[in-house]
Amino acid sequence: MAGRGRGCANPNSRDSMNPYVGLVSSLHAVWLTGKTRTAEHRVSQLEALGRFLDDKKQPILDAMASDMGKPRLEAELSEVMLVKNEVNYALNNLSSWMKDEFVVKNLVTQLDTAFIRKEPHGVVLIIGPWNYPLHLILVPLVGAIAAGNCVIIKPSEISSSTEKLVAEVLPSYLDKDSFAVVTGGPTETTQLLENKFDYIFFTGNPQVGKIVMAGAATHLTPLTLELGGKNPCYVADESDMQNVANRLVWGRCFNAGQTCVAPDYVLCSAETQEKLLPALRHAITQFFGPDPRESPDFARIISDKQFQRIRALLGSGRVAIGGQMDEKERYIAPTVLVDVQPSEPAMQEEIFGPVLPIVTVPNVDEAIAFINSRERPLVVYVFATDSNLVHRVLERTSSGGFGANDPIMHMTLLSLPFGGIGNSGLGSYHGKFSFDTFSHHRACLLRSMGLETMNSLRYPPYSERKMGLLSSASEIKRKGTCALL
C-alpha cells in the first residue's frame with residue numbers, strides 16, 4: 001500500500017470498519033469549501049500534471065519497460081505525449097469550457113436569464129487498468145481536474161512498477177488536500193467501492209465492469225465504464241493488401257496486442273485471405289525482423305496469467321504465421337490464425353495479445369450479419385477503397401467507434417469522443433468530452449420577483465382564456481415541411 005497521508009492512503013489506519021471512510025470524507029470536505037472549483041486551482045493542478053510528465057519521463061519509460069517490455073517509442077507516444085496533449089488541450093480551452101452556456105428562451109421567459117452551469121460532481125474515483133497504466137488513469141484525471149473535482153486514483157496493481165511510480169511520485173506534484181492515490185488489489189478496490197462517491201470512472205473488462213456498476217448502484221453513483229470487446233475488421237476484396245497488412249500488424253502488435261481498440265479478428269473472403277497472408281507475413285518481418293523475439297520494438301505480455309490465457313487461444317483453428325512462445329520471457333510471437341470457427345475460444349473472448357484470427361465470409365453482407373450477431377464492440381474497422389462499402393458497414397453496424405482503413409488512430413483525435421456502447425462501455429471522454437463527463441450540467445433559470453401580472457395567467461382559477469394565452473406564449477409548433485415528390 002502507499003504511504004500514509006492525504007496524497008497516499010494507508011488502509012491500516014482505520015477510522016471505521018472501512019479503511020477509506022476517512023479519506024473520502026476529508027476529500028468531500030475539501031470539495032465543499034469550493035477550493036477545487038476555482039479556475040486558478042484547476043490551471044495550477046493541470047500545469048503540475050504537465051510538469052510530472054516532463055520531469056519524470058525517463059522513470060515513466062523505465063516503469064513501462066519493467067512492467068511489459070514496452071518499446072520506448074510506444075511508451076513515449078501512448079503514455080506521455082498523448083497525455084500531455086490532453087493536458088495542454090484542457091489548459092488551452094478551460095476558460096471557454098467553464099463559461100455558463102446561455103440557452104434559447106420562450107416568450108414567457110424572455111425577460112429572465114436561462115443558462116447551463118457546468119459544475120463538478122464532487123469526489124471522483126478513477127480505477128485504471130494495467131495495459132496503458134499511466135495513460136488510462138491520467139487522461140480521465142485531466143478531465144476530472146478541469147471540471148473541478150477532488151479525485152482518488154486507483155492504479156492497477158498488475159503493472160506494479162507504474163503503480164509504485166504513481167503512488168510515490170505523483171502526489172508530490174498535486175494538491176494533497178484534493179487528490180489521493182490508493183494502491184492494492186481487488187480487496188482494496190472492493191473496499192473503495194463501498195464508499196459513496198459522486199462519480200466513478202472505470203477502465204477494464206466487462207466482467208469487472210459489472211461489479212463496479214453494482215457497487216455504484218448501491219449509492220446511485222453515476223459512472224463511466226470504458227470496457228473492451230472483440231473489435232471486428234472487415235477487409236474488402238479490392239483492397240491494397242500490403243497497405244492493409246501493414247496497418248493491421250501495427251494495430252494488432254502495438255503494445256503486443258494489449259490494446260482495447262486493436263483489431264481483434266479479420267473478416268474477409270477466402271480469396272482475400274490467400275492474398276492477405278503473405279502480405280501479413282511480409283509486414284511482420286519488415287517491422288520486427290526474422291525473429292520478433294530479438295526486436296527491441298516488440299513488447300511482452302504483462303503477466304504469467306495473461307500469457308497462459310493467450311497461449312490457450314492458439315489452439316483455435318490453425319497457426320498460419322508465427323505461434324512461437326517463450327514462457328520465461330512472456331513472449332508470444334505475432335501470430336495469425338486461419339480456419340477459425342466462430343465457436344472456438346479465440347472467437348469467444350477478447351484476445352488482448354499479438355494474435356489475429358481470420359474468419360472467412362463470402363461477402364460484406366455476411367460480415368455485417370456476423371458482426372451484428374455478437375455484442376457491440378468498442379470499434380468496428382473496415383478496409384476498402386469503395387466508399388459506398390465503407391458507409392454500408394458504418395450504417396448497418398453499431399459500435400463505440402468506427403475506423404475506415406486504419407486501426408487505433410481515431411482515438412488520437414481529441415475532437416472525437418472515445419467510449420463504448422452496450423457490452424463495450426458506457427459514456428465517453430477525451431478532450432472536451434472528458435470535461436463534460438466529469439461535470440454536472442446544472443439547469444438554471446433566474447427570474448424577477450416582479451411582473452406578477454404575467455405569472456397570474458398560470459394561477460387558478462383556470463379559464464379557456466388563460467389556456468389560450470399560455471399556449472400562445474409557450475407552445476412550440478412544428479416548422480413547415482414540404483413533401484418530397
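Leaving aside neighbours within four places in sequence, which residues is A283 in contact with? The tour returns to this after an overview.

**Whole chain**

This is a predicted model, in which local features need pLDDT of at least 70 and side-chain atom pairs count only at pLDDT 80 or more, while totals for chains, interfaces and linings use all residues. Residues are numbered from 1 along each chain as its sequence is written, and side-chain values use heavy atoms, with hydrogens and water left out.

Show the protein chain as a cartoon: there are 16 helices and 18 strands. Helices (H or I, at least four residues) and strands (E, at least two) are DSSP runs, numbered from the N terminus. Along the principal axes, the C-alpha atoms fill a box of roughly 85 × 75 × 40 Å. Of the 485 residues, 53% count as buried; buried means under 20% relative accessible area, exposed over 50%, and partly exposed in between (1.4 Å probe, protein chains only).

**A283**

Select A283, which lies in helix 10 (residues 270-288). With neighbours within four places set aside, A283 is in contact with Q242, A245, N246 and V249; contact means heavy atoms within 4.5 Å. N246 is 37 residues from A283 along the chain, and their C-alpha atoms are separated by 5.3 Å. A283 counts as buried because its relative accessibility is 0%.

Next, select helix 9 (residues 241-253). Helix 9 lies across strand 8, strand 9, strand 14 (355-360) and strand 15 (379-383), and runs at about 170° to strand 8. Axes are lines fitted to C-alpha atoms, for helices over the stretch in contact, and angles run from 0 to 180 degrees between N-to-C directions.

Now colour the open sheet of seven strands, whose order is 10-13-14-9-8-15-16 with mixed pairing. Strand 10 (318-321) and strand 16 (401-404) are at the edges with a single partner strand each, so one side of each has no neighbour in the sheet. On average, neighbouring strands of this sheet are turned by 25° against each other, direction ignored. Two strands pair if DSSP finds at least two bridges between them. Strand 8 (residues 232-235) and strand 9 (residues 265-268) run parallel and are joined by three bridges.

Move to helix 5 (residues 135-146). Its 12 residues should span 16 Å at 1.5 Å a residue, and the end C-alpha atoms are 16 Å apart, which agrees; the expected span is 1.5 Å times one less than the number of residues. Is helix 5 enclosed or exposed? Since 12 of the 12 residues of helix 5 are buried, it is largely enclosed by the rest of the structure. Just after helix 5, G148 has a positive phi of about 95°.

The contact involves S78, E79, L82, V83, E86, V87, A90 and L94 of helix 4, and H135, L138, V139, V142 and A146 of helix 5.

Last, select the open sheet of three strands, in the order 1-2-18 with antiparallel pairing. Strand 1 (101-102) and strand 18 (439-446) are the edge strands, each pairing on one side only. Two bridges connect strand 1 with strand 2 (residues 113-120) in the antiparallel sense. Pick F102 and find F115, its bridge partner in strand 2.
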